[in-house]
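This report covers a ligand site and the strands of one protein model. Please look at the structure first.

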Amino acid sequence: MLKIYNTLSKKIEEFVPIKKSEVGLYTCGPTVYNFAHIGNLRTYIFEDLLKRVLEYDGYKVDHAMNITDVGHLVGDGDLGEDKLEVGAKREGKNPLDIAKFYTEQFLKDTDDLNIIRPNKILPATQAISEQIEIIKLLEAKGFAYVGQQAVYFDTSKFPDYGKLSGQKLSEKQTAREEVVIDKDKKNPADFALWFFLKGRYEHHILHWPSPWGEGFPGWHIECSAISRKLLGQPFDIHTGGVDHIGTHHTNEIAQSQAAFGVPLANVWMHGEFLLVDRGRMGKSEGNFLTLAAIKEKGFSPLDYRYMCLQAHYRSQLNFTWETLKAASVARSRLIGSVMGESSSQKVNEDYRKRFNEAIDDDLNIAKGLSIAWDLLADGSIVSEDKVATLLNFDQVLGLGFGIGAEMVPINIATLLEERKLAKVSKDFAKSDEIRKQIEALDYEVMDTPEGQKVKKKIQI
Ligand code: AMP
Ligand code: ZN
């Protein structure tokens, strides 16, 4: 029985889907104005693990994600410049070209991390009419009003406004200037649903007609519109990083529930931050690392995945190169112990049960991983059954055991992992030495952007 923590009830709950065996899952997608950093990617790994656990438990998962390509302002409030326009200026391009490029980069990163792509992906700019429809409904029901700069949601009309964050409306921190910038704004927490091409947005590049005038949608309305369009309302689980609790998700809930009279989603789940030097990793903090930086140092993206698997999604995780290196060593050992062995197709039922219990306990993947290690150390189980069981666990862990399992003999696999570690430690003499040992065993080793590849030398 799957139990998960619901931010809305602040409790661990038994998961009960709306439909018997199908789950509607929504993930807040990236703002595609720059490369994702590995903090963002930690959240997508968490969401991938959630989806894999649901699938392991026998559910069919309908997984939808938006791509934010308009309306997300610097600072998440109603004040800053649109992030896409920031990117467009920086690179001298059109915002839609910026969005296209960084969407592709994002999807490549997630592929590298063995994250299964959502089966439905929709950019905000392709759901403008759906966003306008919700704003129209909100206006008709008295939840929205037109100001000088934008159409706003009236937070005072929605009594449950702070339920997700546990914050009272009066406690909500909002920039004081917002009230000054638009004197028509009734309450500081009111947020923009539709911006006009006025004042600071006079020259906003992307804009569309609307019943209130030419303009562009606010950030929060896109997720209300896209999740409803792709999954229906209510759907089962809505996910994102913890920074979305206070504003973005709080606003999504208010808009969707006010417009349609039913909740947007039953369960809200949030992944904790990746930290650097104990502070949040973020683009505005200027302390971020991309997946490319990790690969440049010789690590595999799956080493980073392994590192994330070791921490619970509701705990903060501090990034250091030492932690990544330790994860790399551990992953190499784990893979090294199954590479080249064949699978019996006989999953050990005792271990499978223990693994399932761990992952069903609010996604205790770290425990699941330790059960995989216990399995490997268990002398009473033959290696073919160990491989079969590990391949079964890998449906959730996603560490790519299946890829290596039949391809190279174990002695070559072990040498490859040693060579990778030598390269990470910049011990190039050792890595060359290992290359020679591999060649002496009739294998050819190549360094590719995806890591080392081997090929059996052709004998004539
Ligand atoms: P964005 O591209 O800014 O819309 O963010 C994409 C995802 O990354 C969101 O779910 C954020 O909550 C999440 N996120 C942002 N910073 C971090 C961080 N340091 N650690 C983990 N997740 C983060
Ligand atoms: Zn969202």
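Predicted model: local features only at pLDDT ≥ 70, side-chain atom pairs only at ≥ 80, totals over all residues.

## Ligand site

Ligand 1 has 17 residues around it. Those that come nearest are Gly39, Thr43, Asp243, Leu274 and Met281.

A polar backbone atom of Met281 is 2.7 Å from a nitrogen atom of the ligand. For Gly39, a backbone N or O atom lies 3.0 Å from a ligand nitrogen. Arg280 uses its side chain: a polar atom there lies 3.2 Å from a nitrogen of ligand 1. Taken alone, ligand 1 exposes 500 Å², and the protein buries 95% of that.

## Make-up of the shell

Which elements give two or more residues to the shell around ligand 1? They are helix 1 (38-56) and strand 10 (235-241). Helix 1 supplies the largest share, four residues.

By residue class, the shell around ligand 1 holds nine polar residues, five nonpolar and three charged.

## Strands 10 and 11

Strand 10 also takes part in strand pairing. It runs parallel to strand 11, with six bridges between them. One of the bridge pairs joins Gly240 to His270, the latter in strand 11. The chain leaves strand 10, passes through helix 7 (residues 245-260) and reaches strand 11. This β-α-β crossover is right-handed.

Is strand 11 mostly covered or mostly exposed? Strand 11 (residues 265-271) is mostly covered, with six of its seven residues buried.

## Strands 3, 4 and 5

Strand 4 (residues 60-67) has two partners described here, strand 3 and strand 5. Strand 3 (residues 22-27) pairs with strand 4 in the parallel sense over six bridges. Within this pairing, Tyr26 has Ala64 of strand 4 as its bridge partner. The chain goes from strand 3 through helix 1 to strand 4, and this β-α-β crossover is right-handed.

Why is strand 4 largely enclosed by the rest of the structure? Because seven of its eight residues are buried.

Conventions
Residues numbered from 1 in each chain as written. Chains lettered and ligands numbered in written order. Heavy atoms only, no water. Near = heavy atom within 4 Å. Polar contact = N/O pair within 3.5 Å; in protein donor to acceptor, adjacent residues only side chain to side chain. Areas by Shrake-Rupley, 256 points an atom, 1.4 Å probe, with all protein chains shown as cover. Nonpolar A, V, L, I, M, F, W, Y, C, P; charged D, E, K, R; others polar. Buried < 20%, exposed > 50% of the residue type's maximum accessible area, 1.4 Å probe, protein only. Pairing = 2+ DSSP bridges. Right-handed = clockwise from strand over helix to strand, strands pointing away.
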